[in-house]
Amino acid sequence: MDIILIAAITADGYIARHSNETVEWTLDLHLFKEQTMGWPVIMGSNTKETLNTDLSGRKEIVIHRDDIPKQILSNIKTEKCFVIGGGKTNTLFSPYLTHMYLTFHPLVFAKGVKLFSNLKDEMELTLLNVVPVINRKNLYQFQYKINK
Ligand SMILES: NC(=O)c1ccc[n+]([C@@H]2O[C@H](COP(=O)([O-])OP(=O)(O)OC[C@H]3O[C@@H](n4cnc5c(N)ncnc54)[C@H](OP(=O)(O)O)[C@@H]3O)[C@@H](O)[C@H]2O)c1
């Protein structure tokens, strides 16, 4: 199964100003919707609380601190699923990720929630595609395969 982390990210590697921020600065929500539609989406409880609505058309799997990623993933029978944040959840699932889709936004936050909170291990990536975000000049999604 492809396990794809998808995120909107600042130029300095942040996904939010703080853990309770409802992210309103992203410019690629239409691409996020198109790519995740129909697939299970895994998110942390903080992220769930920041969402204004359910993610319709997608099975939402909300993670809590005692959940075991391997067990969660073994219950998913689709050909792919998405890990949609936040930073703590991205780290929890990091050993299992196969791909990352990152849209770099022209912002610097200096502090906040990193793409991965307290990540311990390095990763090596291969850039597979760079996808222009429709109707957003000079905004691109970088699609990486995770080698290890
Ligand atoms: N830019 C983007 O693309 C993007 C995408 C998604 C989210 N975000 C933003 O990311 C932010 C949330 O990220 P986050 O990292 O704070 O939260 P998160 O990953 O969404 O959720 C927190 C997770 O960590 C667990 N947790 C909380 N405290 C813990 C502790 N002391 N020890 C172990 N586990 C603990 C929670 O479990 P419990 O339920 O048991 O507490 C939950 O599973 C929000 O502002 C959201 O808007 C941005």
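## Basis of the description

Helices (H or I, at least four residues) and strands (E, at least two) are taken as DSSP runs and numbered from the N terminus. The structure is a predicted model.

## The nonpolar core

The largest nonpolar core comprises 28 residues, among which Ile6, Ile15, Ile42, Phe82, Val83 and Ile84 touch the most other members. Two or more residues each are supplied by strands S1 (2-10), S2 (14-16), S3 (41-44), S5 (80-83) and S6 (99-105), and by helices H1 (29-36) and H4 (87-93). The greatest contribution, 6 residues, comes from S1. In soluble globular proteins, nonpolar side chains tend to be buried together.

Apart from neighbours within four places in sequence, Ile84 has contacts with Ile6, Val41, Ile42, Met43 and Thr47.

The peptide bond between Gly85 and Gly86 is cis, with omega about -5°. Gly86 belongs to the loop that runs between S5 and H4.

## Asparagines with positive phi

Most residues other than glycine have a negative phi, and most peptide bonds are trans. Asn118, although not a glycine, has a positive phi of about 55°. Asn118 is located in the loop between strand S7 (113-114) and strand S8 (125-132). Because 8 C-beta neighbours lie inside 10 Å, Asn118 counts as exposed.

Asn138 is likewise not a glycine and has a positive phi, of about 60°. The loop between S8 and strand S9 (140-146) contains Asn138. Asn138 has 7 C-beta neighbours inside 10 Å and therefore counts as exposed.

Notes
Residues numbered from 1 in each chain as written. Predicted model: local features only at pLDDT ≥ 70, side-chain atom pairs only at ≥ 80, totals over all residues. Core = buried A, V, L, I, M, F, W, Y, C linked by C-beta atoms within 7 Å. Buried ≥ 20, exposed ≤ 12 C-beta atoms within 10 Å, placed from the backbone. Contact = placed C-beta atoms within 7 Å.
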